[in-house]
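Hi,

Here is the structure I promised to pass on. Have a look first, and my notes follow below.

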Amino acid sequence: MTTYATATGFGGQKLAFAGLLIIATLAVCALFAPWLAPADPIAIDPLVRLSPPSAAHWFGTDHFGRDTLSRVIHGSRMAAFIGIGVVAIALGGGITFGVLSAVFPRLGMLLMRIVDVMMAFPALLLALALIVVLGRGVENSILAIGVVYMTTTARIVYGVSLRLKSEVWVDAALAMGARTPRIVFRHILPNLVSPLFVQASFVFAFAQLQAASLDFLGLGVPPETPTWGNMISESRIYITRAPWLLLFPGLMIALAAFSLNLVGDAARDRLDPRLQAAFGGRSRS
Amino acid sequence: MLRYLIRRIGAFLPTLLAASFLIFVFIRLIPGDPAAVMLGDQATPEAIEALRVEMGLEESLAVQYLRWLSDVVRGDLGDSIFFQVPVLELIVDGLETSVLLALMTMVWIVGFGLPVGMVAAARRGSWLDQSLSGMSMFLASVPTFWVGLYLILIFAAILGWLPSSGYPSIFGEGGLANLRYLLLPSIALAAPNAALIIRLTRASMLDVYREDYVRTARAKGIHPLRVIVRHVFRNALLTVVSAFGFTLAALISEAVVTETVFSLPGVGRMVVQSILRRDYPVIQGTILMIVLLYLAINLAVDILYAWLDPRVKLR
Amino acid sequence: MNIIRAPKHVVAVAAAMALGSVFPLSGQAAETLRYATVGEPPSLDQHVVTSDLATTIAHHIFEGLYTFDGNYEPQPLLASGEEVGADGKTITINLRQDVSFHDGQAMTAADVVASLKRWGEHGSRGKLLFSNVSDVSASGSHSVTLTFESPFGPWKNLMAFINGGPAIYPERIASNAGSKPIDVKDYIGTGPYKFGEWKPNRHVELVKYDGYQSPPGAASGYAGERIAHFDRLRFIPVPDPGTRVSGIKAGDYDYAESMPSDLIDDLDGDADSKVVLNGGPIFGLVFMNSKAGPLMENFKLRQAIQAALNKEDALRVSIGPEKLWRANGSFLPKGNAWFTESGTESFSEGNAGKAKSLAEEAGYDGTPIKLLVSTNYAFHYDQAVVFTRQLLEAGINVQMVVVDWATLIKKRAQPEEWDLFFTHHGFVPDPILISVMNDNYPGWWATQEKQQLKSAFTATNDPAARKATWAEIQALIYSQVPTMKTGDVYTYNIASPKLSGIEATTLIWPHFWGVSK
């Protein structure tokens, strides 16, 4: 049985372990950024602008003369903040709408139609439209990306809850006179934990890429905030002159998304096969 | 099957209508106005106001929406405020770039993803399987714009092998050779999107190995290779069809960024540029077309999938 | 066999002939100049649009009565000369008789009158002149008379500045045009190139006008002889600066504008490209709100902000190489007739201590001061970042509000939304054209002291008197601080080395008459 699971596992457990290691490292960076960063990430020094990697500045400096290493380390804070925020909104909203829709079929019809309409927009376009209306800002980026993944989460939760609702033991509980809230809290929510863990790690990973894309288009977090996406966006015109400036923030985005994808993938393979179907391949990007 | 078709197509129109309303309202909530953008830094408030009136921006939202909707139904998406040409013309021109880019990307994805997925499945659990899987997952985690910028740096600016940007129409000067302009953008776009098809191919190949076709076939005295080829082919087709639907959504999203990086005259960049210029008719027309396209392709893929794979329950 | 083969041969020849007629293989290939622009122009209508990009394209199509020579002196273009009345209030402009529009019609006084009227009513810079004009009328088939309420010194400079200026359109177009930019089909001018096509997102193309009659005299700046060598000028939007550089190197473009300043040293020594500096610098301006908010009438607080800034640091960060910027406080650059150091000692003090004490005197209580800035122009944003930091060090609580340009111009029109906003100004040949001189420009600086000096400035034609008054106005700007100049920035373009006839620096916008490949 175990050998079979490993064989099905796309990434494999070793890779998942590597993913966890990367996540732990990034979390340490995010938590202890002010102590780990060798310099103030927003201190300007015109005289050392665009210097290549050196002993004083391991990752070089940008056109303000700011230390890229320190900015990359501080960037992990914003990445974690955005990731957690997006997951909270996507899961919070998704669980609420998904479970309500499954339990109350009439309301479900309406809510799921709304989800359908929202899902008719490609993810980035939807986030882009929301941001343009709300204005640039950390909270607005989180909200915009969160709403996008709320729709997919709601759909997954709805699918899984419907399945659970039709299971024999829920029928039995109903026959024994259990009330709706009890069914939800006793029988549905506990069974949602593992599929939602999978969804959370994918949403976290996608949130990194979407946030970076918004930053790159100049529609994300305000540019004075050191995020990896902003660093790439600000330095892009220097790519022929200082190609290393884009290298490190880009790698960080890739590593953050990669590690979460690895963990999510391994977790999905361990899911109950009946629940796996809800994920299909239709994760939004 | 027929009932499934009717139900799917029946849901299509209300969704589109609701989406059109959402688009319209969203766009009017954007701060800023096209008259001020157009007249520039030195314009007087009176001049801006006069132009707003001439552009019909001072009427009520409901009137504007209904007028727009009735025009859209008749196939008229209005005129661009900025370019003074029909929006539909802009979209058709932009679609050439975007569709060719998507097709070229799909060629890379399928041409690379299918074989890799098959190899990974054949060597399941091996060192090769693990590294192929890891690699494809890493590519899926890399931002497209970042890859794009480095591709331009290396292949256009340093080596000079390929054009850096832009895309002249294949119907104009240069002809089909102009497709080389889409090489770098399509590679940048294919890299992160190949992972899905690799995973789906691998999984469906494993299904083939696992299922009893082979054993049954052998019992019947049919050469197992023939069975595998038949099932492998069918599964590969299914994988491509479903991956096409899944990937297309991602391509449309990411094309917004890729077209911006490579200065391609496609619909994705048009959306971003029009937002910056507050060119309302173009923003709403383009997004509406994208949504329409997106819904239509998803519908087509679902129907095709249902038709190809009788195991699919027609929920 | 032969019988069967023969028709095939005939068919092949016929096909070749047919193709030949579709794609003429003329020995002399049509020469096209390919120009990589920063984006798409908003419209080419010169009366109402002030975009520099629009002018770069449009001044090949449209011409005014006057234009500037290499020394920024106005010279006749469509005009042949003028007579100024003894009281300085009537000016009769004589027109050249050999000029025809691109539709073949000869240009007459009626066209000029209609164009000037439309510009005066709806043009962005037309009101400056026309607020003082009581009548414009034809005084002959080829002469036009302007009547002023009082003598107006800068009239010729205003007429010669084509950006947002009085381009001459045919009467039927000018008299029917309202506030809206004219239609693409109405792009009919008198210039050496006529409008060809505008393919959105792809290019704007101009075609050589065969009926063009050049003005007399040797070429100098935009004045004198204009000869079109190229058959077509194609302006292609390439928004990414890095891509424009790669495009020139790869031979995809012949000319690319607005290069990243940090690349000048690489590009200057490069065999694949020729650097063309822009002669007139652009300069950043940080406007202060005179209508609402904490800065409204608090000149001391404004001076505190001015004293805190070290503009050299900001220029170094945002621009880089020293040859591309000057920490110059004079609104017009050194060497220009309008250069003056009056008031400029306050230009870039970078003195946090002085700023603190000034702020204290001003009774500043730490109220947040909103600085509106857009990311559409990298140097605005970069300099704003440096200024914000310098102001925080001086205890002035500045908060950046970062938006896109479209939002910024909307917000800056609403006095409650901002205290400071960042913009930049193109080079202008007469200080009257600088936006801060306009009382209605956001910031709305219209103090009594300004009004007095401004009327003295426009009321005379005497150059020496005007220069002296301008020095006083500049000093007033440094003490009342309606706006802060952030220093001169010299942008540059690159050209393919194959182009000949390109001057080492552009006057204001590049021009391609007299240029060949």
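**Notes on the model**

Chain B has twelve helices and zero strands, where helices (H or I, at least four residues) and strands (E, at least two) are DSSP runs numbered from the N terminus. This is a predicted model, so local features need pLDDT of at least 70 and side-chain atom pairs count only at pLDDT 80 or more, while totals for chains, interfaces and linings use all residues. Residues are numbered from 1 along each chain as its sequence is written, with chains lettered from A and ligands numbered from 1 in the order in which they are written.

Of the 315 residues in chain B, 45% are buried (20 or more other C-beta atoms within 10 Å of the residue's own, C-beta atoms being placed from the backbone).

Now the A/B interface: 42 residues of chain A are in contact with 45 of chain B (C-beta atoms, placed from the backbone, within 7 Å). On the chain A side, α1 (2-8), α5 (105-119), α6 (123-134), α9 (180-216) and α11 (244-269) each supply at least two residues. The most come from α11(A), with nine residues.

Over in chain C, strand β10 (residues 232-237) has five of its six residues buried, so the rest of the structure largely encloses it. Strand β1 (residues 32-37) of chain C runs parallel to β10(C), joined by six bridges (strands pair if DSSP finds at least two bridges between them), and C:Arg34 sits opposite C:Arg234. Strand β9 (residues 203-208) of chain C is antiparallel to β10(C), with four bridges; there C:Val204 is opposite C:Phe235.

Cheers

Methods:
A residue is buried if 20 or more other C-beta atoms lie within 10 Å of its own, exposed if 12 or fewer, and partly exposed in between; C-beta atoms are placed from the backbone. Two residues are in contact if their C-beta atoms, placed from the backbone, lie within 7 Å.
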